[in-house]
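Hi,

Here is the structure I promised to pass on.

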Amino acid sequence: QLQLVESGGGLVQPGGSLRLSCVASGVAMDHYAMGWYRQAPGKEHEGLSCVGRSDGITSYADSVKGRFTISRDNAKNTVYLQMNSLKPEDTAVYYCAAFDQPRCSNWDLSDAWGQGTQVTVSS
């Protein structure tokens with residue numbers, strides 16, 4: 001059974017950077033498209049970015065495009081989210097999710113997800 005564990009969150013000042021990691025175990029990650037999502041208090045999950053299962057094509061939400069970069073290292077069973085130029089509105093719990101399909105979809109269609117890592121952007 002595929003399991004995901006996120007890490008790398010923390011407190012950062014506006015304009016700062018963080019690099020999140022999501023380590024997969026149980027099943028080889030290369031069978032899945034991998035995505036990053038976040039949930040701010042009282043809000044729905046927001047899709048941020050995705051890297052395709054086989055072609056490696058990436059996509060980004062408008063809210064993070066140009067600031068965040070997703071990447072995957074199948075040999076390490078890890079997907080990353082490099083976050084630059086962070087803003088207070090980026091404050092949320094960040095999750096990774098796996099999809100047994102070529103590309104990511106809605107959060108509730110994912111095959112697995114982690115417990116999340118908190119990112120707080122504040123001065």
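Below is what turned up, starting with the sheet and ending with the aromatic rings.

Some housekeeping first: this is a predicted model, so local features need pLDDT of at least 70 and side-chain atom pairs count only at pLDDT 80 or more, while totals for chains, interfaces and linings use all residues. Residues are numbered from 1 along each chain as its sequence is written, and side-chain values use heavy atoms, with hydrogens and water left out.

**The sheet**

Four strands make an open, antiparallel sheet in the order 1-3-8-7. Strands here are DSSP runs (E, at least two residues), numbered from the N terminus, and two of them pair if DSSP finds at least two bridges between them. The edges are strand 1 (3-7) and strand 7 (68-73); each has a single partner strand, so one side of each is left without a neighbour in the sheet. From one strand to the next, the twist averages 15° (axes are lines fitted to C-alpha atoms, and angles run from 0 to 180 degrees between N-to-C directions).

Strand 8 (residues 78-83) pairs with strand 3 (residues 18-25) over six bridges, in the antiparallel sense. In that pairing, Val23 has Thr78 of strand 8 as its bridge partner. Strand 7 also pairs with strand 8 in the antiparallel sense, over six bridges, and Phe68 stands opposite Met83. Strands 7 and 8 form a hairpin with four residues between them, and Asn77 in the turn has a positive phi of about 55°.

How enclosed is strand 8 by the rest of the structure? Largely, because five of its six residues are buried (under 20% relative accessible area with a 1.4 Å probe, protein chains only; exposed is over 50%, and partly exposed is in between).

**Thr117**

Thr117 is in strand 11 (residues 117-121) and counts as buried at 9% relative accessibility. A polar atom of the Thr117 side chain lies 3.0 Å from the backbone nitrogen of Gly9. Leaving aside neighbours within four places in sequence, Thr117 is in contact (heavy atoms within 4.5 Å) with residues including Glu6, Ser7, Leu20 and Tyr94.

**Aromatic rings**

A search of the whole structure finds four aromatic pairs. Rings of Phe, Tyr and Trp (its six-membered ring) pair if their centres lie within 6.5 Å; planes under 30 degrees apart are stacked, over 60 edge-to-face, and the rest tilted.

One of the pairs is Tyr37 with Phe99, tilted, at 6.2 Å centre to centre and 40° between the planes. This pair links distant parts of the chain: Tyr37 is in strand 4 (residues 33-39) and Phe99 in strand 9 (residues 92-99), 62 residues apart. Both Tyr37 and Phe99 are buried.

Trp107 and Trp113 also make a tilted pair, with 5.7 Å between centres and 45° between planes. Trp107 is buried at 17% relative accessible area, whereas Trp113 is partly exposed at 46%. Tyr37, Tyr95, Phe99, Trp107 and Trp113 form one aromatic cluster.

Elsewhere, the charged end of Arg19 sits over the ring of Tyr80, 4.5 Å from its centre (the cut-offs are NZ of Lys or CZ of Arg within 6 Å of the ring centre and within 35 degrees of the ring normal).

Cheers

How values were computed
A polar contact is a pair of N or O atoms within 3.5 Å; within protein, one must be able to donate a hydrogen and the other to accept it, and residues adjacent in sequence count only if both atoms are side-chain atoms.
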